[in-house]
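Student: I would like a close look at a single part of this model. Please take me through it step by step.

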Amino acid sequence: LPEQEAFDIEYWLLEEAKLQRMPKPKSLAGRVALVTGGAGGIGQAVARQLLAEGACVMLTDIDGAALEEARQSLLKVAGKDNVAAAQGDITSEAQVEALLAATSLRFGGLDILVSNAGIASAAPLEDTTLEIWNRNQNILVTGYFLVSRGAFRLMKQQKIGGSMVFVASKNGLVASAGASAYCTAKAAEIHLARCIALEGAAVGVRVNVVNPDAVIRGSRIWDGKWKEERAASNKIETDDIEEFYRQRSMLKLSVLPEDIAEAVYFLASDKSGKSTGNVLNVDAGNAAAFTR
Ligand code: NAD
């Protein structure tokens, strides 16, 4: 090569190498996120991922003690300027309104809602009391409605839109034995997301859904009765439950809270800017086919 050309190439290669070494700007820097069910396994993993991508996160949960533990653990990875927590019940209209006002006041707005709070309470149809039925509807449908309505109003007011992600369930698409109250509520959650997506399109608000299947490690849902009920309904020992779900899946993999967090992050961020009203199953293939 002529001397000047060789010099130019070396110069640009050095510049390129410098750029590679420079810290990349965080994709959610300046964004404010609210995560419901933030004391739980999936909620905490989601909060950790959003914080790592530069967002400010408000965590909320009905369980005040567990929420404080979650906040303390997140403070180890993010500064106190970026993470806050407020206890609340998503089925209470007044508490939801107060929570949204507190989020906006603390961080100056709301760009991302991760509606994730939930329970697992179910029984075979004949044993499903009105109390069990209403509990599922109140938390998983009415609660999601109240939080997303408040978030929608805030996002619309800001005039820069926003992104909502609902953590529903594979069971909102596929029926599961002995869990009609839960499955029906999760199906309603998914449809609520589609309805809000339709109204949100006009004001820049996207709404998508992540459907986990059997996230056993880290989840408080799987700590007690639910594990025993699912084990009994599948005729296996409670200790074998994770292996049972892994073997049943198409990919032969266990789904972890971090897997759900990755999907939530994708849908919350601009990386999915052309997706709304969509459902992403993170289920190792379980919704697509029966494997046994
Ligand atoms: P988790 O129990 O660890 O977390 C859920 C959190 O929601 C809990 O901390 C609980 O206190 C909170 N919560 C319950 N009711 C509330 C209310 N009224 N107001 C505010 N907070 C409330 O469970 P998880 O596994 O992290 O579940 C998160 C979401 O994922 C739930 O919506 C659940 O239905 C869904 N999901 C979980 C699985 C799984 O196998 N873990 C599978 C499919 C879907």
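Student: How do the residues of the shell around the ligand divide into nonpolar, polar and charged?

Tutor: The shell has 13 nonpolar, 11 polar and five charged residues. Here Ala, Val, Leu, Ile, Met, Phe, Trp, Tyr, Cys and Pro count as nonpolar, Asp, Glu, Lys and Arg as charged, and the others, including Gly, as polar. Keep in mind that this is a predicted model: local features need pLDDT of at least 70, side-chain atom pairs count only at pLDDT 80 or more, and totals for chains, interfaces and linings use all residues. Residues are numbered from 1 along each chain as its sequence is written.

Now the shell itself. There are 29 residues around the ligand, and G37, G40, G118, S219 and R220 come nearest. Helices α2 (41–52) and α5 (130–158) each give at least two residues to the shell. The largest share, three residues, is from α2. Helices are DSSP runs of H or I with at least four residues; strands are E runs of at least two; both are numbered from the N terminus. The protein chain has nine helices and seven strands.

The axes of α5 and α6 (residues 180–200) come within 9 Å and cross at roughly 15 degrees. That is why α5 counts as roughly parallel to α6; the cut-off is an angle under 35 degrees. Axes are lines fitted to C-alpha atoms over the stretch in contact, and angles run from 0 to 180 degrees between N-to-C directions. The crossing of α5 and α6 is right-handed, that is, the near helix is turned clockwise from the far one by less than a right angle.

Which residues touch? On α5 they include W133, L140, Y144 and S148; on α6, among them, Y182, E189, L192 and I196. Contact means C-beta atoms, placed from the backbone, within 7 Å. By class, this contact has 13 nonpolar, four polar and two charged residues.

Finish with S148, a residue of α5. S148 counts as buried because it has 25 C-beta neighbours inside 10 Å; buried takes 20 or more, exposed 12 or fewer, and partly exposed lies in between. Beyond its neighbours within four places in sequence, S148 contacts L113, S115, M164 and I196. V114 is 34 residues from S148 along the chain, yet their C-alpha atoms are 9.3 Å apart.

How values were computed
Near = placed C-beta within 6 Å. Parallel < 35°, antiparallel > 145°, perpendicular 65-115°, else oblique. Contact = placed C-beta atoms within 7 Å.
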